[in-house]
Amino acid sequence: MSQIDLVFPHVDGRPNCRDRVRTAGLHPALRRAGLRKVSFHSLRHSCASAMIAAGSPITEIQHRLGHANAGITLKVYSHFFADAETDAADRLADAVLLPAGHRSGQKVGLKTGRSLKSA
């Protein structure tokens, strides 16, 4: 691993231990930026919350967090989905009710759920 791969590397380029990263890297960086102290856990939670808000598939979030299955991720973060509003009903209505020639023509990949550009 090169120094460029790490946010807060040891002086010799190797990874620091967690405590040193927090006390010598993260907290001083937050202080210089004028931000309050946060824990790595709160950063992890914020990242997952932002991914949910951005519409990332729960399985992608699960893998990034290292959860054994998506059920764990849903159990921990289900409160973020309670008030979620998406266009799923509109997309379903378009798929069912619009003639084939009037649909957007957007294809969705099976593995990721992300849109694929037409060739």
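Predicted model: local features only at pLDDT ≥ 70, side-chain atom pairs only at ≥ 80, totals over all residues.
Residues are numbered from 1 along each chain as its sequence is written, and side-chain values use heavy atoms, without hydrogens and water.

**View 1. Asparagine 16, ahead of helix H1.**
Asparagine 16 lies in the segment before helix H1 (18-32). Helices (H or I, at least four residues) and strands (E, at least two) are DSSP runs, numbered from the N terminus. Asparagine 16 has a relative accessible area of 18%, so it counts as buried. Its side chain reaches the backbone oxygen of phenylalanine 8 at 3.0 Å. The side chain of asparagine 16 also reaches the backbone oxygen of proline 9, at 3.3 Å. Leaving out residues up to four places away in sequence, asparagine 16 touches Phe8, Pro9, His10 and Val21. Contact here means heavy atoms within 4.5 Å.

**View 2. Aspartate 19 within helix H1.**
Aspartate 19 sits in helix H1. Its relative accessibility is 46%, so aspartate 19 counts as partly exposed. The side chains of aspartate 19 and arginine 22 are joined by a polar contact of 3.2 Å. A polar contact is a pair of N or O atoms within 3.5 Å; within protein, one must be able to donate a hydrogen and the other to accept it, and residues adjacent in sequence count only if both atoms are side-chain atoms.

**View 3. Helix H2 against helix H3.**
H2 (residues 40-53) and H3 (residues 58-65) pack at an angle of about 165°, and their axes are 10 Å apart. Axes are lines fitted to C-alpha atoms, for helices over the stretch in contact; angles run from 0 to 180 degrees between N-to-C directions. The two helices are therefore roughly antiparallel. H2 passes H3 in a right-handed crossing. Right-handed means that the near helix is turned clockwise from the far one by less than a right angle, left-handed anticlockwise. From H2, the contact uses Arg44, Ala48, Met51 and Ile52; from H3, it uses Glu60, Ile61, Arg64 and Leu65. Five of these residues are nonpolar, none polar and three charged. Ala, Val, Leu, Ile, Met, Phe, Trp, Tyr, Cys and Pro count as nonpolar, Asp, Glu, Lys and Arg as charged, and the others, Gly among them, as polar.

**View 4. Helix H3 meets helix H4.**
The axes of H3 and H4 (residues 70-77) come within 9 Å and cross at roughly 95°. H3 is therefore roughly perpendicular to H4. Ile58, Thr59, Ile61, Gln62 and Leu65 of H3 meet Ala70, Thr73, Leu74 and Tyr77 of H4. This contact has six nonpolar, three polar and no charged residues.

**View 5. The buried residues of H3 and the residue that follows.**
Ile58, Glu60, Ile61, Gln62 and Leu65 of H3 are buried. The buried residues of H3 pack against H2 and H4. Just after H3, glycine 66 takes a positive phi of about 80°.

**View 6. The protein as a setting for the close-ups.**
The secondary structure comes to five helices and two strands. From the N terminus on, the order is α-α-α-α-α-β-β. Of the 119 residues, 20% count as buried.

Note on methods:
Parallel < 35°, antiparallel > 145°, perpendicular 65-115°, else oblique. Buried < 20%, exposed > 50% of the residue type's maximum accessible area, 1.4 Å probe, protein only.
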